[in-house]
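Subject: A structure for you to look at

Hello,

Here is the structure I promised to hand over. Please open it alongside this email, and I will walk you through what turned up.

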Amino acid sequence: RRLSVQGPLVSEQKRPAVYFIGIVVGSSAALLAFVNALDIRSAQRQQVKMQAALDFVHRWNDPQFFHTRKNAGPALLQFKELPEERKKTFVRENREIANDIVDMLNVLEALSIAIQKDLVDEEFARLFFRGIVVGFWQNGQGFIETRRAERGNPRLFTELQKLFVQWSSL
């Protein structure tokens with residue numbers, strides 16, 4: 001036997017309700033797909049930021065950077081203890097060490113900018129670099145001020161200074 005339908009499936013009175021339900025269900029499905037896509041993009045962005053933070057850690061620990069780190073840390077401690085009148089002479093007489101200090105400060109400055117631009121996961125970076133940033137700023141502030149005066153550039157390493165202020169208050 002064949003089943004046949006005679007007349008409309010939905011009565012004239014119920015048609016607006018059926019259309020409305022169809023629109024609501026379709027819109028809900030589209031909204032759910034959009035939210036799901038946003039969630040996936042957010043997770044991907046977080047993963048990229050974590051990788052960028054890890055890249056800074058790798059850069060810092062790179063064996064080619066070892067010589068720079070080995071020279072700069074102790075030199076900053078030595079520089080910090082110098083009388084003010086000897087600081088400029090120290091920089092002039094120890095150009096290679098001064099360049100190592102600047103290389104280290106540049107990496108930390110780049111990290112600060114990357115954090116400010118939300119390119120790096122700050123929590124991850126802070127776990128690894130907080131002590132380094134705070135220590136290098138505290139020990140290197142005199143060197144940085146001398147370098148600013150020497151270069152006539154008061155903005156030198158200001159982004160690193162912002163990061164120091166932010167992280168030292170935690």
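Before we start, one term: contact here means heavy atoms within 4.5 Å. Please also keep in mind that this is a predicted model.

With that in hand, take helices H4 and H6. On the H4 side, the residues that meet H6 are Leu-105, Leu-108, Glu-109, Leu-111, Ser-112, Ile-113, Ile-115 and Gln-116. Their partners in H6 are Thr-158, Glu-159, Leu-160, Lys-162, Leu-163 and Trp-167. Sorted by class, this contact has 8 nonpolar, 3 polar and 3 charged residues. The two axes come within 8 Å and cross at roughly 70°. Angles of 65 to 115 degrees count as roughly perpendicular, so H4 is roughly perpendicular to H6. Their crossing is left-handed.

Next, helices H2 and H5. Their axes lie 9 Å apart, and the helices pack at an angle of about 70°, which means that H2 is roughly perpendicular to H5. Here too you will find a left-handed crossing. From H2, the residues involved are Ala-72, Gly-73, Leu-76, Leu-77, Phe-79 and Lys-80; from H5 they are Phe-136, Gln-138, Asn-139, Gly-140, Gly-142, Phe-143 and Thr-146. By class, there are 6 nonpolar, 6 polar and 1 charged residues in this contact.

Which residues have the most contacts inside the largest nonpolar core? They are Trp-60, Leu-111, Val-120, Phe-129 and Phe-143, in a core of 38 residues. The largest share, 10 residues, comes from H4.

Leaving aside neighbours within four places in sequence, Phe-143 is in contact with Leu-76, Phe-79, Val-91, Ala-98, Ile-101, Val-102 and Leu-105.

Finally, have a look at H3. Its buried residues are Lys-87, Thr-89, Phe-90 and Val-91. What covers these residues? The cover includes H2, H4 and H5. Val-91, one of the buried residues of H3, is also on the list of contacts of Phe-143.

Enjoy exploring it!

Best wishes

Notes. Residues numbered from 1 in each chain as written. Predicted model: local features only at pLDDT ≥ 70, side-chain atom pairs only at ≥ 80, totals over all residues. Heavy atoms only, no water. Core = buried A, V, L, I, M, F, W, Y, C linked by side-chain atoms within 4.5 Å. Buried < 20%, exposed > 50% of the residue type's maximum accessible area, 1.4 Å probe, protein only. Helix = DSSP H or I, 4+ residues; strand = E, 2+ residues; numbered from the N terminus. Axes fitted to C-alpha atoms, helices over the stretch in contact; angles between N-to-C directions. Parallel < 35°, antiparallel > 145°, perpendicular 65-115°, else oblique. Left-handed = near helix turned anticlockwise from the far one by under 90°. Nonpolar A, V, L, I, M, F, W, Y, C, P; charged D, E, K, R; others polar.
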